[in-house]
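Hi everyone, thanks for coming. I'd like to walk you through one structure today, so please have a look at the sequence and the model as we go.

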Amino acid sequence: MDFSDSFRIVNLVVGVIMILGGVSQFFFSPRIQSVVIGVYVIIFGAFVGLLEFQIPPQVSRYASFMFSFIGRGIFYIFIGSILLSDHWTRYVAGSIIGLTGVVYSALEFVPSIEPPANMREADQGWGAEEV
């Protein structure tokens, strides 16, 4: 089955939630740690959103984990877990991102669901780059 459009929408929503979760790090109890985490989460959210429109060649080489369900799922779980702190907005954003990561990780083991088109095009496997 081809769910490319559904995965694209989910990834865009997760990117927006990451950006909102990162922005929430600047409010409610701003500390240096929260500001640094907020900046990184905003950058990662923009990165996830932009990957749905254009895939730079460096990304497929240095962040190839973003082109498999399990890699993207573990990345989402990581980002969701670092957002879980202090205020309910962070708990909601972190939980949504983390649960999406759990679902993506589980989809790696469902053979009837293929990765979206942007994952298939960029995933050339180990050692596929030119030497």
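**A serine, a core and a surface patch**

Let's start with Ser-105, which lies in helix α5. Keep in mind throughout that this is a predicted model. Is Ser-105 buried or exposed? Its relative accessibility is 13%, and the cut-off for buried is under 20%, so Ser-105 counts as buried. And what is Ser-105 in contact with, once we leave aside its neighbours within four places in sequence? The partners are Phe-69, Ile-70, Gly-73, Ile-74 and Ile-77.

Now the helix around that serine. α5 runs over residues 88-107, which makes 20 residues. From first C-alpha to last, α5 reaches 28 Å, close to the 28 Å expected at 1.5 Å a residue.

Next, please find α4, residues 69-83. This helix has 15 residues and reaches 21 Å between its end C-alphas, again close to the expected value, 21 Å. Its buried residues include Phe-69 and Gly-73, and both of these are in contact with Ser-105. Arg-72, Phe-75, Tyr-76 and Ile-79 are also among the buried residues of α4.

That takes us to the largest nonpolar core, which has 22 residues. Which of them touch the most other members? They are Met-18, Met-66, Phe-69, Phe-75, Tyr-76, Ile-79 and Ile-97. Two or more residues come from each of α1 (4-24), α2 (32-51), α4 and α5, and α4 gives the most, with five. As a general reminder, nonpolar side chains in soluble globular proteins tend to be buried together.

Beyond its neighbours within four places in sequence, Phe-75 is in contact with Met-18, Phe-44, Val-48, Phe-65 and Met-66.

Finally, let's turn to the surface. A nonpolar patch there is formed by Ile-19, Val-23, Phe-26, Phe-27, Phe-28, Val-35, Val-39 and Ile-43, with about 640 Å² of accessible area together. α1 and α2 each supply at least two of its residues, and the largest share, three, comes from α2. Take Val-39, in helix α2: its relative accessible area is 37%, so Val-39 is partly exposed.

Methods
Residues numbered from 1 in each chain as written. Predicted model: local features only at pLDDT ≥ 70, side-chain atom pairs only at ≥ 80, totals over all residues. Heavy atoms only, no water. Helix = DSSP H or I, 4+ residues; strand = E, 2+ residues; numbered from the N terminus. Expected span 1.5 Å × (residues − 1). Core = buried A, V, L, I, M, F, W, Y, C linked by side-chain atoms within 4.5 Å. Buried < 20%, exposed > 50% of the residue type's maximum accessible area, 1.4 Å probe, protein only. Contact = heavy atoms within 4.5 Å. Patch = residues over 30% accessible without salt bridge, like charges linked within 9 Å, V, L, I, M, F, W, Y side chains within 5 Å. Areas by Shrake-Rupley, 256 points an atom, 1.4 Å probe, with all protein chains shown as cover. Salt bridge = Lys/Arg side-chain N within 4 Å of Asp/Glu carboxyl O.
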